[in-house]
Amino acid sequence: MKHATGKPECDKHVIEAAVRRFGPLSRSRIHELTGVRSSATSVLVRELIEEGRLVEVGRAPQRKRTGRREVLLSLNEDYRHIAAVEFDEETVTAGVLNMRPAIRAVVSEPANLREGVEGLAGQLLRCMSRALAEAGLRPGALMGVGVADPGLVDSRSGVTVLSSTLDFWNQAPLKVLFEREFGVPAVVESKTRAKAVAERMLGAGGMRENLVYVDYGAGIGAGLILDGKLLHGESGAAGEFGHTLAVRGGPACKCGSYGCLEAVAGARAVEGRMRRAIAEGGTSLALAAAGGDPERITAWMVLDAASRGDKIAANIVAEVARHLGLGLANLVNLFNPSIVVLDSRLKAAGQELLGEVRTVIRRQALAYSARRLVVRYAELGSGAGILGLALIFLERHFEIPLLRPPRFLIEAAQGAGGALAARAGV
């Protein structure tokens, strides 16, 4: 709530936060939840409506035979917007979202990897500007912007530290660049964590409190949500799943180590295995999909070929599933999630990959930790990163300092404390 100055504006912010969290709400219910004086609530709500920040959405059900039904209020989801961009070694995707969040416009283009940090950073800025133009909006309509980065990100400073899939991409000051360009606050987060948040709140995660999301591509990342909180770690490096040891003495990884999960089961490893098989005389539907040119084979072609019964592709995918399953069994033992969500792009391989991952986890993880574990594919597909960025930005924007929390937060804490006391017999 750093953007709110003075008590009236702070109270408005608290009212908006309550309506976003619990709405639609009546004025009397807003007063009960926030602790803002009843007379002040009426004045501030009227101002919020006049400013376009709240809208009337109907009337509450009548509880008594006499008396008027109270007017219900919701956030005006189109009052302000968030622009976000996600990227990897293949594609840059930018979008504009309202405060629900729902995507208003999206643009996508191949990533420019030929001109170093300056070239890629410039492309990210241009794509965001294109998305704004597609949505018919000016930068003044934005409340904030976000960047979902495939590398290791220090989200506190908004700097990309390094990337194992983009050799040149390090020490990129994205927060400074985007705030200077668009004149609004910027959030910089790892693409994996952004997608984990989106899947938890809007997709396959179903609002589970303990979730592991696996982001799959040339790199392999894990978004970890524990007790409802996104895990970052001391320096923002939590979730570097692809750099856990998979095969002792295995192939070299771009991180400088050997036998990393990314090096044996990532997209580039899948492509390399298929090309070697073809060079040794094998044939595959993946080669046909690449127009007969082995160098044009992608991991996604291999996954699709496996789903269509291609024997070489199926063997490669089965090995990928075994490596992923073993790595995930370790995460299940360490973090005890209730759900594991696999990147939607892996769905191209069909249910066989998912079934093998489940089998390996149940065989290798503690039976107690895995007995109720759900493993499923993600639901959101492309755009999950920009949705996650919008959700992260909105949570931060509507955050209420706990030094002087409103009544609804105090009551929630007291309720939790009372339940603990009752359980302890106090």
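Trainee: Which residue lies over the face of Tyr 79?

Mentor: Arg 80 does, at 4.5 Å from the ring centre. The rule for a charge over a ring is that NZ of Lys or CZ of Arg is within 6 Å of the ring centre and within 35 degrees of the ring normal.

Trainee: Before I go on, what kind of model is this?

Mentor: It's a predicted model, where local features need pLDDT of at least 70 and side-chain atom pairs count only at pLDDT 80 or more, while totals for chains, interfaces and linings use all residues. Residues are numbered from 1 along each chain as its sequence is written, and side-chain values use heavy atoms, with hydrogens and water left out.

Trainee: Okay, the sheet. What's the strand order in the open sheet of five strands?

Mentor: The order is S5-S4-S3-S6-S9, and the pairing is mixed. Strands here are DSSP runs (E, at least two residues) and helices are too (H or I, at least four), numbered from the N terminus. Two strands pair if DSSP finds at least two bridges between them.

Trainee: Which strands stand at the edges?

Mentor: Strand S5 (103-110) and strand S9 (186-190). Each has a single partner strand, so one side of each is left without a neighbour in the sheet. From one strand to the next, the twist averages 15°. Axes are lines fitted to C-alpha atoms, for helices over the stretch in contact, and angles run from 0 to 180 degrees between N-to-C directions.

Trainee: And does S3 run parallel or antiparallel to S6?

Mentor: Parallel: six bridges join strand S3 (residues 81-87) to strand S6 (residues 142-149). Ala 83 has Val 145 as its bridge partner in S6, and His 81 has Leu 142.

Trainee: What packs on the sheet, then?

Mentor: Helix H4 (residues 116-135) does, touching S3, strand S4 (91-97), S5 and S6. The direction of H4 makes about 145° with that of S5. Helix H14 (residues 384-397) packs on the sheet as well, touching S3, S4, S5, S6 and S9, with its direction at about 135° to that of S3. Contact means heavy atoms within 4.5 Å.

Trainee: Back to S3. How many bridges join S3 to S4?

Mentor: Six, and S3 and S4 run antiparallel. A hairpin of three residues joins S3 to S4.

Trainee: How many residues of S3 are buried?

Mentor: Seven of its seven, so to speak a mostly covered strand. Buried means under 20% relative accessible area, exposed over 50%, and partly exposed in between (1.4 Å probe, protein chains only). His 81, Ala 83, Val 85 and Phe 87 point one way from S3, while Ile 82, Ala 84 and Glu 86 point the other way.

Trainee: Switching to rings: how many aromatic pairs are there?

Mentor: Four. In Phe 168 and Trp 169 you have an edge-to-face pair, 6.3 Å centre to centre with 85° between the planes. Rings of Phe, Tyr and Trp (its six-membered ring) pair if their centres lie within 6.5 Å; planes under 30 degrees apart count as stacked, over 60 as edge-to-face and the rest as tilted.

Trainee: Is Trp 169 buried or exposed?

Mentor: Buried, with a relative accessible area of 0%. Phe 168 is partly exposed because its relative accessibility is 25%. Phe 178 and Phe 182 make a stacked pair, since their centres are 6.1 Å apart and their planes are at 25°. Both of these lie in helix H5 (residues 174-182), four residues apart, about one turn of the helix.

Trainee: What links into a cluster through ring pairs?

Mentor: Phe 87, Phe 168 and Trp 169.

Trainee: Last topic, how many salt bridges?

Mentor: The count is 26, taking a side-chain nitrogen of Lys or Arg within 4 Å of a carboxyl oxygen of Asp or Glu. Glu 189 and Arg 193 meet at 2.7 Å, N to O, and both are buried. Arg 200 and Glu 209 also form one, at 2.7 Å, N to O. Arg 200 is buried at 10% relative accessible area, whereas Glu 209 is partly exposed at 41%.

Trainee: Which residues are linked in a network of salt bridges?

Mentor: Glu 9, Lys 12, Glu 16, Glu 47, Glu 51 and Arg 53.
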